[in-house]
Amino acid sequence: MNIQGINHFCFSVADLEKSIAFYEQVFEATLRVKGRKLAYFDMGGIWIALNQEELKRDRANRTYTHIAFTIAEEDFDAIMERLHRLQVEVLPGRVRDIRDRQSIYFLDPDGHMFEFHTGTLSDRLDYYRSEKSHMIFYD
């Protein structure tokens, strides 16, 4: 397996507007897109995603927060097979459009969520531009 680098960081947030202000002010991150319950930033070349989730904030309630690493599309099946062979807990992925590329979500022994993803922020933004008219894009 050849991990190519970090793909993106995604954090579950309780209040999207408050979190947007925090990332803009504290990290001077550049807002790239804002939806009803999500926002994407460019932070020094790092893709930061925020997903608003309305749930009780404790360890018993899993969030969508995860760290994603970029993998090559052609390695996807082999990596999935390797994770299964190693008896890693692989989570069911969400249904996604092919333009949004492929992902594998999995947990470490302590329950931290990770993702191997074949797409880029540009892939995601292009897909959203064509399908999500409610979103506001910032160039």
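1. Lysine 34 is partly exposed in this predicted model, with a relative accessible area of 22%. Its salt-bridge partner is glutamate 17, and the closest N and O atoms of the two are 2.6 Å apart.

2. Four salt bridges are found when the whole structure is searched. Among them is the one between aspartate 123 and arginine 101, with 3.3 Å between the closest N and O atoms. This pair too joins distant parts of the chain, 22 residues apart: aspartate 123 is in helix 3 (residues 121–131), arginine 101 in the loop between strand 6 (89–91) and strand 7. Aspartate 123 has 19% relative accessibility and therefore counts as buried, the cut-off being under 20%. Arginine 101, at 30%, is partly exposed.

3. Arginine 129 is partly exposed, with a relative accessible area of 38%.

4. Strand 8 (residues 113–117) is largely enclosed by the rest of the structure, because four of its five residues are buried. Strand 5 (residues 66–70) runs parallel to strand 8 and is joined to it by four bridges. Strand 7 (residues 103–107) pairs with strand 8 in the antiparallel sense, over five bridges.

5. Histidine 117 of strand 8 is the bridge partner of threonine 70 and also of serine 103.

Note on methods. Residues are numbered from 1 along each chain as its sequence is written. This is a predicted model: local features need pLDDT of at least 70, side-chain atom pairs count only at pLDDT 80 or more; totals for chains, interfaces and linings use all residues. Side-chain values use heavy atoms; hydrogens and water are left out. Buried means under 20% relative accessible area, exposed over 50%, partly exposed in between (1.4 Å probe, protein chains only). Helices (H or I, at least four residues) and strands (E, at least two) are DSSP runs, numbered from the N terminus. Two strands pair if DSSP finds at least two bridges between them. A salt bridge is a side-chain nitrogen of Lys or Arg within 4 Å of a carboxyl oxygen of Asp or Glu.
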